[in-house]
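Hi,

Here is the structure I said I would pass on.

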Amino acid sequence: MTYLLFEKIERFFERIKKTNVIKFFLVTWIIHFLWTIVVGGTLYLCGAEFSQHVASDSEFTNSFLLIPMTALAEEIMFRWGPMIILSSILTYYYRNGRLTKRLFFNVEKHCLLGLVILLSIIFGWVHGNIFNVLIQGVSGVVFYIIYLRCFFIERDNGVRDRLQIVPLIESTTYHAMANAFLILL
């Protein structure tokens, strides 16, 4: 079963890696927006108490840089930091002969799946409560997909971005755009 799951995930990433970044952002943004509206609206109509924003609209509109800085801080905590730690640990074991290349990629797949799920749940939970996992938690998965798409494209092209700066910039840009759009709505 896990083999089929990872095969589907790999095919998904192969498809999205081939997609133009602007088209990918737009399609992802539309799906992400629709999910947020439908799930948020459903929760609202059902009377569920949840927080849609960490800060009030007035705090965001009173500071030009608050949206991108908040997105950067969240990307560092929930995507970039854990990815740097994971990559460092796996690279250390690989260089010391404890992991073969094949085992490196196999362990990486399992760890990435666990990271995406666990950190996205935490990301949703810290935005409010369990209901926020359905909104911001899913957003966390989307932000991870953006990050990992760029990470894998760089690796496939032989780019040595050990600090993973480009994936951080790409996911932060998307995250800030998504937050700004939802706040303006």
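This is a predicted model: local features need pLDDT of at least 70, side-chain atom pairs count only at pLDDT 80 or more; totals for chains, interfaces and linings use all residues.

Let's start with helix α1, which covers residues 2-18. Its axis and that of helix α5 (residues 101-126) come within 12 Å, crossing at roughly 85 degrees. An angle of 65 to 115 degrees counts as roughly perpendicular, so α1 and α5 fall into that class. On the α1 side the contact is made by Leu5, Phe6, Ile9 and Glu10, and on the α5 side by Lys109, His110 and Leu113. By type, that contact has four nonpolar residues, one polar and two charged.

α1 also packs against helix α6 (residues 136-156), with the axes 10 Å apart and an angle of about 80 degrees. That makes this pair roughly perpendicular as well. Here α1 brings in Phe12, Phe13, Ile16 and Lys17, while α6 supplies Ile145, Leu148, Arg149, Phe152, Ile153 and Asp156.

Now for the arginine: Arg79 sits in helix α4, residues 66-95. Is Arg79 buried or exposed? Its relative accessible area is 0%, and anything under 20% counts as buried, so Arg79 is buried. The Arg79 side chain makes a polar contact with the side chain of Glu75, at 2.9 Å. Setting aside neighbours within four places in sequence, Arg79 is in contact with Glu74, Phe123, Gly140, Phe143, Tyr144, Tyr147 and His175.

Cheers

Conventions: Residues are numbered from 1 along each chain as its sequence is written. Side-chain values use heavy atoms; hydrogens and water are left out. Axes are lines fitted to C-alpha atoms, for helices over the stretch in contact, and angles run from 0 to 180 degrees between N-to-C directions. Helices (H or I, at least four residues) and strands (E, at least two) are DSSP runs, numbered from the N terminus. Angles under 35 degrees count as roughly parallel, over 145 as roughly antiparallel, 65 to 115 as roughly perpendicular and the rest as oblique. Contact means heavy atoms within 4.5 Å. Ala, Val, Leu, Ile, Met, Phe, Trp, Tyr, Cys and Pro count as nonpolar, Asp, Glu, Lys and Arg as charged, and the others, Gly among them, as polar. Buried means under 20% relative accessible area, exposed over 50%, partly exposed in between (1.4 Å probe, protein chains only). A polar contact is a pair of N or O atoms within 3.5 Å; within protein, one must be able to donate a hydrogen and the other to accept it, and residues adjacent in sequence count only if both atoms are side-chain atoms.
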